[in-house]
Amino acid sequence: MGGSALLVRDLSAGYGPVRALRHVSLEVPEGTVVTVLGGNGAGKSTLLRAVCRTLSFHGGAVTGGTVTLGGRPLDRLPPDRVVAAGVSQVPEGRRVFSRMTVADNLRAGALGGAGGRVGRARALRRVHELFPVLADRAGQRAGLLSGGEQQMLAVGRALMGAPEVLLLDEPSLGLAPLMAARIADTVREINEQGTSVLLVEQNAALALRLASRAYVLEVGEVTLSGPADELAASDEVRRRYLGVVDEDAASDGAATPDGLPSLSRWKG
Ligand SMILES: Nc1ncnc2c1ncn2[C@@H]1O[C@H](COP(=O)(O)OP(=O)(O)OP(=O)(O)O)[C@@H](O)[C@H]1O
Ligand SMILES: [Mg+2]
């Protein structure tokens, strides 16, 4: 404990002439949840793609900087080797293979992973414990699952790689508050089981409650970072990302009456 699981140093990336990340540095200490906040187009998804080496699938490229996991550089690895090294991503928009069964989706997630047959069986047990519905629906086509269930499958598929670090790109997007809260509980549970998490969220209130540390990304640059509770209390973050306009609204914004996280959306 106390080491740095994932270290991003001076990372720059872009899509052709579009510079999407400029000299971004951040750290996910071992065993923690770290969140990256930022408006639409800030570069959050680009950051996760750069870390897991899938940027080229989107027509982008890393132009500078380094990413290391436990001191080991990931910079030259193909995406499947990044998974084998211990980093799995749940991409934006919960892309499950909709015509494949739930079971086959999970099997696909284990492809890059290390650990062999025993490791895969252990990972599948863990996924079924976290999301019993995925065991119940194992033989069903993934496209028939509800949005929330597809998000569970997307998270489950990433966990099949038995990652040390899980990258989550807006897992609550488009989900009803209750389902978003369930996903948040699961992220906490996954973390308590020892997996570090780098969480990108539009839902800043939810993200800041889960994370110990937060970074704010604006037009490709880190403009603010610190302990999540300090950022949650900062005027700028409250105004820009929590949609808080005054003290009264602040207390309303912290939680809904039934204790569920509020769903403040980005204002811009
Ligand atoms: N495939 C792509 N081709 C060209 N430009 C892209 C591509 N994907 C993203 N961009 C550009 O890169 C910048 C960062 O986009 P990115 O998707 O990383 O932002 P984001 O923070 O994830 O936004 P959102 O909250 O809307 O998902 C934006 O200017 C965006 O237009
Ligand atoms: Mg995005």
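Mentor: Two strands pair if DSSP finds at least two bridges between them, and the strands themselves (E, at least two residues), like the helices (H or I, at least four), are DSSP runs numbered from the N terminus. This is a predicted model, in which local features need pLDDT of at least 70 and side-chain atom pairs count only at pLDDT 80 or more, whereas totals for chains, interfaces and linings use all residues. Residues are numbered from 1 along each chain as its sequence is written, while chains are lettered from A and ligands numbered from 1 in the order in which they are written.

Trainee: What makes β1 and β2 a pair?

Mentor: β1 (residues 4-15) and β2 are joined by eight bridges in the antiparallel sense, and because at least two are required, they count as paired. Within this pairing, G14 stands opposite R19 in β2, and in the hairpin, which has two residues between the strands, G16 takes a positive phi near 55 degrees.

Trainee: How do you know which residues come nearest to ligand 1?

Mentor: A residue is near a molecule if its C-beta atom, placed from the backbone, lies within 6 Å of it; of the 14 residues around ligand 1, the nearest are Y15, N40, K44, S45 and T46. The largest share of this shell, three residues, comes from α1, and β2 (18-29) and α1 (44-51) each supply at least two.

Trainee: What makes up the shell around ligand 1 by residue class?

Mentor: Four of its residues are nonpolar, eight polar and two charged, where Ala, Val, Leu, Ile, Met, Phe, Trp, Tyr, Cys and Pro count as nonpolar, Asp, Glu, Lys and Arg as charged, and the others, Gly among them, as polar.
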